[in-house]
Amino acid sequence: MKLAQLCKAAGIACDADVQVTGFAIDNRKVAPGTVFGAFQGARVNGEDFIPAAIESGAVAVVARPEARVEGALHIADVTPRRAFAALAAQYFTPVPDHIVAVTGTNGKTSTVEMTRQIWRMAGERAASIGTLGVTTPDESVSTGLTTPDIVTFLSNLSGLAREGVTHVAYEASSHGLSQFRNEGVPVEAAGFTNFSRDHLDYHADMEDYFRAKMRLFDEVVSDGATAVIWMGSGDSGWNARVVDHATRRGLRVMTVGEQGEAIRLTRREPTQLGQSLTIEHRGTSRTINLPLIGAYQVANALTAAGLALATGIDASQVWDGVARLQPVRGRLERAVIAPSGAPVYVDYAHTPDALEAAIAALRPHVAGRLITVFGAGGDRDHGKRAPMGEAAAKASDLVIVTDDNPRGEDPADIRRQVLEGAPQAREIGDRREAICAAIAEAGADDIVLVAGKGHETGQIIGSGENMRVLPFDDVEVARECAAEIVGTAE
Ligand SMILES: CC(=O)N[C@H]1[C@@H](OP(=O)(O)OP(=O)(O)OC[C@H]2O[C@@H](n3ccc(=O)[nH]c3=O)[C@H](O)[C@@H]2O)O[C@H](CO)[C@@H](O)[C@@H]1O[C@H](C)C(=O)N[C@@H](C)C(=O)N[C@H](CCC(=O)O)C(=O)O
Ligand SMILES: Nc1ncnc2c1ncn2[C@@H]1O[C@H](COP(=O)(O)OP(=O)(O)OP(=O)(O)O)[C@@H](O)[C@H]1O
Ligand SMILES: N[C@H](CCC[C@H](N)C(=O)O)C(=O)O
Ligand SMILES: [Mg+2]
């Protein structure tokens, strides 16, 4: 493909009659004919690798105007990541016909996964991209990050289209949005789940964090797209601000929830295996049995339903799909029933709000005590640690604070910060020991919640060159702890 053609389609000024063979943001991935994106990063300055990229055959470099580019075309832009995304998107074609994105502090992975399930049950070839990796009709492949880099994202999308996938739901994290890591393609609908504290190690404050998320509605979605916005009973005001952003952009606004107008939730009652919901949609009231527990999964399921409707799926198929949703890996997943009879749940709650939501989900099912085991990740937002402790302590009967991916920090330090919010909690650093202690402690009427790692399969220790990932899976460990108790009793 010719560079001039790509530039023209992207609305970027460049005039070079060179053949493009690919795109890269890492000089080590440059081959002859590549367009190299040189960005200032959090760790290093990509502009330092421009000479090496040109040496390897880069034909053009997208970089700030002040960057030095000698020996290749300089496509200068004050926001080079944005220009690079727009240009690369012209190269990685075709893409699936229906693409939707989901943002919010919690619930993105669950919502994209549920959207994928609803599409699939309606007979579409559907995929999702997010924290769980890329899930296609045939397989699931982990990518390591919620939003991979822009080149991986775009090439994944065109790869999916070539495999015949027509519908894709992707997760737009605030990191991804602020780094222009997942855009350039036509986005037909965007979902918004909720907004609460997280990532203030990366964003200056809550407003800055919110602004990053709003790029999805202000800039990333296509003109005339639909905004599916959760409006629950107790929302903090952020969700109403999302409606303002969507309205200003001229999007079709679809609000969903107890206070939703397009899809209104009028009743929710926990049942033995899930919950019974009454929904009003297009003047019709219907009762649906959602086979999942937890108010939070209702929010995600209804937001997913809104996204499926926005892509033209027939309403009766959407509601049938909601009634047949399968659990999402690591989100209120029942790992095992302890020998005492206590169920043990694994959940990915790693913010104060998520812990509150996960505990609230289990509370109606607890006759005795709710025992919560959790920790906080290292090299991430420190300020959320004490509030996580508070959220757990307020709603649990017993809290055990343990380690969760300490990364480059001293784990004892992280636990101390969590314990500031939960002074009565027990402290057991070793995560396996903590999980086993909770399971051993639980009686027949109790429930154990192991929060923070969900689907993760490793404990991340150390950083940089000393980083190691020790195999660790909360679900497996819970099962092993339960088996050990049986073993000791025999
Ligand atoms: C802070 C952050 O988000 N960093 C991400 C970001 O890196 P960066 O642009 O700052 O990169 P950098 O390492 O400073 O390098 C700058 C540039 O030089 C280039 N380079 C670098 C070295 C070299 O030898 N040659 C070279 O060309 C790099 O490719 C890069 O373009 O872009 C990279 C690829 O696009 C990501 O891999 C990297 O994620 C790091 C590993 C990370 O841990 N990110 C986490 C915090 C994250 O993004 N998490 C969110 C989930 C959040 C949530 O939903 O809760 C996510 O979306 O995954
Ligand atoms: N709608 C919701 N409201 C409140 N809490 C939620 C909601 N959905 C999920 N959670 C909580 O957040 C946890 C993570 O959910 P999920 O993985 O779907 O979110 P995410 O936004 O993708 O997270 P991440 O930012 O880490 O990618 C769940 O295990 C649950 O504890
Ligand atoms: N167990 C995890 C959850 C991380 C969630 C991730 N989305 C992020 O914050 O980057 C941790 O804190 O290490
Ligand atoms: Mg996620």
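A: Helix α4 (residues 108–121) packs against helix α10 (residues 315–322) at an angle of about 120°, and their axes lie 9 Å apart. Axes here are lines fitted to C-alpha atoms, for helices over the stretch in contact, and angles run from 0 to 180 degrees between N-to-C directions. The two helices are therefore oblique to each other; angles under 35 degrees count as roughly parallel, over 145 as roughly antiparallel, 65 to 115 as roughly perpendicular and the rest as oblique. α4 passes α10 in a right-handed crossing (left-handed if the near helix is turned anticlockwise from the far one by less than a right angle, right-handed if clockwise). On the α4 side, the contact is made by Gln117, Ile118 and Met121, and on the α10 side by Val318, Asp320, Gly321 and Val322; contact means C-beta atoms, placed from the backbone, within 7 Å. By class, this contact has 4 nonpolar, 2 polar and 1 charged residues, where Ala, Val, Leu, Ile, Met, Phe, Trp, Tyr, Cys and Pro count as nonpolar, Asp, Glu, Lys and Arg as charged, and the others, Gly among them, as polar.

A word on the ground rules: this is a predicted model, in which local features need pLDDT of at least 70 and side-chain atom pairs count only at pLDDT 80 or more, while totals for chains, interfaces and linings use all residues. Residues are numbered from 1 along each chain as its sequence is written, and chains are lettered from A and ligands numbered from 1 in the order in which they are written. Helices (H or I, at least four residues) and strands (E, at least two) are DSSP runs, numbered from the N terminus.

Now to the sheets. An open sheet of 11 strands runs in the order β8-β7-β6-β9-β5-β10-β11-β12-β13-β14-β15, with mixed pairing; two strands pair if DSSP finds at least two bridges between them. β8 (140–141) and β15 (284–290) stand at the edges, each with a single partner strand, so one side of each has no neighbour in the sheet. Helix α7 (residues 206–220) packs on this sheet, touching β5, β10 (189–192) and β11 (226–230), and its direction makes about 145° with that of β5. Helix α8 (residues 238–248) also packs there, touching β10, β11 and β12 (252–257), with its direction at about 170° to that of β11.

β5 (residues 98–103) runs parallel to β9 and is joined to it by 5 bridges, with Ile99 partnered by Val168. β6 (residues 126–130) is also parallel to β9, through 4 bridges, and Ser128 has Ala169 as its partner.

Technical notes: Contact = placed C-beta atoms within 7 Å.
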